[in-house]
Structures are given as structure tokens and as C-alpha cells.
Amino acid sequence: MRSAEWRDVRRIAIGCCLSAALLGPSPALAFDFFGLFGDKPPAASQHALPYLIEFQSAESSRSLDKNLKESLEQASTLYRTRQDPPPDGETLVRRAEGDLAPLIDALWGAGYYDAALRIEIGGQPLSLGRTTPPGVARAAESFRAREAVPVKVIVEPGPLFKMRTISVIDARTRRPFSDEQLPSRIVKLKAGDPARAADIRAAQAALVDYFRSLSYPLTKVTKVRPVVLHRDDVMDVDIAVDTGPRAPFGPVTVSGKSDIDPKVVRSMIYIEPGDPYSPAAVAASRKSVLKLPAISSVRMREASRLDANGQLPIDAEVTDRKPHVVGLSARYSTLDGPALRAYWQHRNLFGGAESLRLEGDIFVPPRTNTRALDNLKDFELADLGGRFRASFVKPGLYGTRNDLLLDGMIERDNTGGDIFGGYSSKRVVGSAAIRHRFTDTFSTQFGVTGERGTTSDSLGTVDYSLFGVQAAVTYDSTDRLLDPTRGIRATGTVTAYPEFLGSSVGIVESKAQASTYYAIDEEARYVLAGRVGLGSVSGASLGDIPSTHRFYAGGGGSVRGYRFRSLSPLGPTGEVIGGRSLFEASLEARVKITDTIGLVPFFDAGGAFEPAYPDFSQPLRYSAGLGLRYYTAVGPIRVDVAMPLNRRPGDNRWALYIGIGQAF
């Protein structure tokens, strides 16, 4: 039986604190790094009072619920600062006194509205609403320089309260919404559910999101009235929602301290006055603007009221990145060898978010089929491959949704000379194109391209010139660039090199790739990812097509476990010569073990074929493996170990790949 004093304190506080808990933010989360290795306090000292905190149930025969314990830990300053011991007993007592009310709030927030607790420091108790006796600080001081002060949070949760009735009413009419206006699935609360404050806050957010998605941009929850019935251990909740008027988008403006032409930023926003209001469109516009390398952040600000036309104005407040950036990256594969990349980029060359990027790659392909590191023992300059690329992008030409793309590349490549053969090439490539963005997810591209070079392989040497026209389509609805968890990403390109434009060989080259990502759970801790790639080149015999325009499979971005570009038809001497068509497929299950560590089992398949279209006359090669992911703010660091499943004589038993970002 609880004391009358405690009941009075609880009754006075619960009406105020409960409403604040339901309307206010949830406690901040803290990552317990030290918990990974055991929770040990700092060593005893003359200058500080380290302590060891424990959360216990008042019933010795009953352990504290795990989820409840975690909620208390998150709310407790004592727990979060346990590795920073106070200098004396008085400071420790003040830290504990400051914990009493937040811990009670955490218990109420978890649905325990008859809960009580006390904190014992060295066996001396502290309770909410009672004066702290001076003996508590003395008890803490008695442990100085001997051992950690024992601090116990002793919890008597009482019964878990349940929801009894949930009423959502229209704040203007004071009547409940009908099922047609508000389906029951939106609130996600029902009778018998635990009466947790976090769940009620989530219901409020779901209500606002739902009506905003129906083009009610000014929706707000005006009142939440929780009624706790202690006799029956239940709660009734009334929520009043003011949807405001239904409204379309109004004028869209661009603001902020930026050196970028506002017309360019506006061209990246796919909202027009009169369009139905949609939070998804606002979020998509923000994501679209951030595709400009010159923009570091954008805040889509919605007006707090409708304009004279009954529309909702939107303002995009942008902030620029620093105009120059220099980068360096490296990758390594036990089969394909090491590679380095360096780049320099100007993100706002002429004030219109123009991007100029200069990029250089150096790589050392293997010359044997053992280990790539063995090649470095007798490295020669001829083993070195490299490319230099320059690209220029002028977005939003004249304020339209058209972008100018200019690219140039000089390359010297050598895909290896092991028992599977390979090719060497030297070439110069240039292209110019106009890209039209229909939406933030779909675009088309048309342009011209030219190339001159020389390739050599077991079929001989080809000196060639190619001049052609190119058309491409791109669709990307994924949520992230380097670590997508939802959506579809697809590209298709067709390039025609007719002889009447000056090409030494008339060919038509087609490539397509599509990948899809499906998150099984809302937090995207379990993601299924699949990829399919196709290729075809027609119009000439295999021997007349330059090696750089034939298709090969194998390597880190293809069929892992096989050497880079080692899967293709074989020539007269048994060496790979490339094919006129390609098929590749991959399947991954991306599982997050913790917030930063993930495992990825995967399966790859693929091959190249001599006909212009995949006929599977050559056997497909398969591989399987396991990847480790370390998730950072930039993207996941990828480590994959792959094993060929139907390897050929000379193939390695396994391969290691290291890089940044998911495999696809």
C-alpha cells in the first residue's frame, strides 16, 4: 500500500505531466557504446565518486521488463553520464534528484500510470516529493577512493494501463470523423492496446500526415485529452483535429544566401501553382534540388496561411556548398588488382550551378590468375592502366528543365593477359547531349558521340573511328544514392554508329539495367535487392567490333568471384574475346545487425554471348558470397567475399572486394 503523501504528489502531477508527455517530444536516444564491452565504472579515485547504476524491480522475484528498462535508461541522466563521475556526494545527489521526475515521466509514457520508484545511493533512499536527508551525500562520500558508489533505481511499475476508448473528432464540428473521412487503420490505436504516450503521439502524427496527404496542408491537432481511470487501469483519449481547408500549391519562390541563379534552382522543383497539395511532392522537390552539387541544404518552407487565391505558397531556402572540392578514393580486389581515383570539381563555375569535374584513374590489372599482389613483384610501366575524364554539366538551360552535358575521356586500358586472355586499348572519347527532366524521377537524353582508338586481343588489332547519335532514358525512384532501400532504378541506352557519319564500322549498341529494392520492415533493417543487366551490339561481325565495345562479364560490379571481364566467348586460342550480347543478374539480402553493422548474403549470375542477342549458348557462371557493411554518414563501406560456384580451370576459389556504397 503506497503512502498517502505519494498518492497526493502523483495526483497533483499526473494531470499536467501526462498531457505534456503526450504532446511533447519523446526522450532523446543515446547509443550505449560501453555496453558492448560490459558496463564498468571508472576506477575509484580521491578526486571523484564513480558509481555503478542498476535498475531493479521492487519485487525481488521479478525482473524489470527489458523495454521498460531501456526507456528508463534513456530518460536517466545518471545512466547517460555514468562514465563521467561527479566530484563529490552532493553533486551525485543533485544528479539523482534531477532524475526522479523524468523517470516517472518515462514510466507514465510506457503506460504505467500507478508507478512509483525510489533511488538508493549507498543504501540511502531518495523519493519524489520528499526532502532529501543530508545522510545521502555522506553515504556516497563513504565510498571515496574505495569502490564505486552503488546506485539503485528501484521501480514499482504497477499495472500496465490499457486503452479503452479512442475518439477522434473534427475540431470545427465537434463530431467524430466518419469511416469514409478517416479509416480506422490510420490512427493505429484500438481498445486493449497499452496506453503508451509514444503511441498516442504517433497517432497524432499519423492523423496530421493523413489529412495533409489529402491536400489539407494546414491540418493540426488542436487538443489531446487523456483521461486515466486508476480504478480500472484504463485510459480514454479524445483527439481533436482541425483539417483546415483543402488547398492546392501556390507560387514557388527561391530564397537564401546563395550565389546560384534562382531560375536554375526553380527548374529542379516539379511543383506548379494549382497542383494538388502533397507532402510527398514537397519532399521530392527537396530531394531533387539537392541533386545539384552546388547545393548543400534546402529547406522547403510552407506558408502558415493560404494566399488570396486560396493556395499555399512554398519557398525553397537554399544554402550553397563550397565551390571547390578535391577527392581521392581507392578500391581493391584480390583478382582485379588495386585502383586509385582522384578528382577536382568546381560546383558553380559561372553562377548557374554549372559543374566542371576533372577525374583521373590509375589501375594495375593482374597479369596472372593467382593473386593480384603477385603482379607487383615484377611490375612494369606497361602494366599500368589509366584514364582521364572531364565532364561539364550546365543545369536548367535558360530556366528550363533541360541540362547540357559535355564529356571527354582519354584512356589506356589493359584487362590482363592471364590464361583467359584480355585486351589492351587506347582511345579518345567525346560526347555532347541534352537531358530533359520530365519529373524528379524520369528523364531522357539525346546527343552525339565520337571515338577514335586502337584495340588489340587474340583476334588481332582494330584501328577504328566511331561517330554516332545516342538516346537514353533514366528512371530512379530510390530513396538513397549509395544505399537504396526502396524504389526502382533503371537505365537504357541506344547508340547508333552509322558509316555515313564517318564510322569505320557500322554498329548499333544497346544497354539496359534495372534494379529494385524492397524494405521488408519500416526501418529498412531488412532489404531485398535485385538487379538485371542486358546488352547487345549488332551490325558487324565480332572481329570487326572494337574490343572496348564488346561485352564481358565478371568482376566486382558484375559476377563477383570471377576476374574482371573474364567471362565471355573464347577465341581460337582459348582466350576471352568478348561477345555481342550480355546477361547479368544479382540478388542480395541486406540485413542490418546493428545501426552500423550489416551482413549481405548474395548470389550473382552472368555471361556474354557471341550472337547479337543473349541466346545462352555459352554457359552462365554463378557465384555466391557474404558481404560485410559498415554504415557511415556518407554511405556503407563494403567488404564482399565471393566464391565461384561453377568455376573453370584457372579460376580462383574466392575473391575479396572492398569499396564504398552497395554493389548496386
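**Cores and a buried arginine**

Tutor: In this predicted model, the largest nonpolar core holds 56 residues, and Leu72, Ile119, Ile121, Val149 and Leu182 touch the most other members. Helix α4 (residues 89-109) gives the most to this core, with nine residues. Apart from it lies another core, of 21 residues, including Val252, Met268, Val289 and Leu292.

Student: What makes a set of residues a nonpolar core?

Tutor: Its members are buried residues of nonpolar kinds such as Leu, Ile and Val, joined through side-chain atoms within 4.5 Å. In soluble globular proteins, nonpolar side chains tend to be buried together.

Student: Which residues does Ile119 contact beyond four places in sequence?

Tutor: Among them are Ala96, Asp99, Leu100 and Leu103. Leu78, Val151 and Val153 are also in contact with Ile119.

Student: Why is Arg347 called buried?

Tutor: The relative accessible area of Arg347 is 14%. Buried means under 20%. Therefore Arg347 counts as buried.

Student: Where does Arg347 lie?

Tutor: In the loop between β12 (337-346) and β13 (355-363). Residues touching Arg347 include Pro293, Ala294, Arg321 and Glu354. Pro293 is 54 residues away along the chain, yet the two C-alpha atoms are separated by 5.8 Å.

Student: How much of the chain counts as buried?

Tutor: 44% of the 664 residues.

How values were computed: Residues numbered from 1 in each chain as written. Predicted model: local features only at pLDDT ≥ 70, side-chain atom pairs only at ≥ 80, totals over all residues. Heavy atoms only, no water. Buried < 20%, exposed > 50% of the residue type's maximum accessible area, 1.4 Å probe, protein only. Helix = DSSP H or I, 4+ residues; strand = E, 2+ residues; numbered from the N terminus. Contact = heavy atoms within 4.5 Å.
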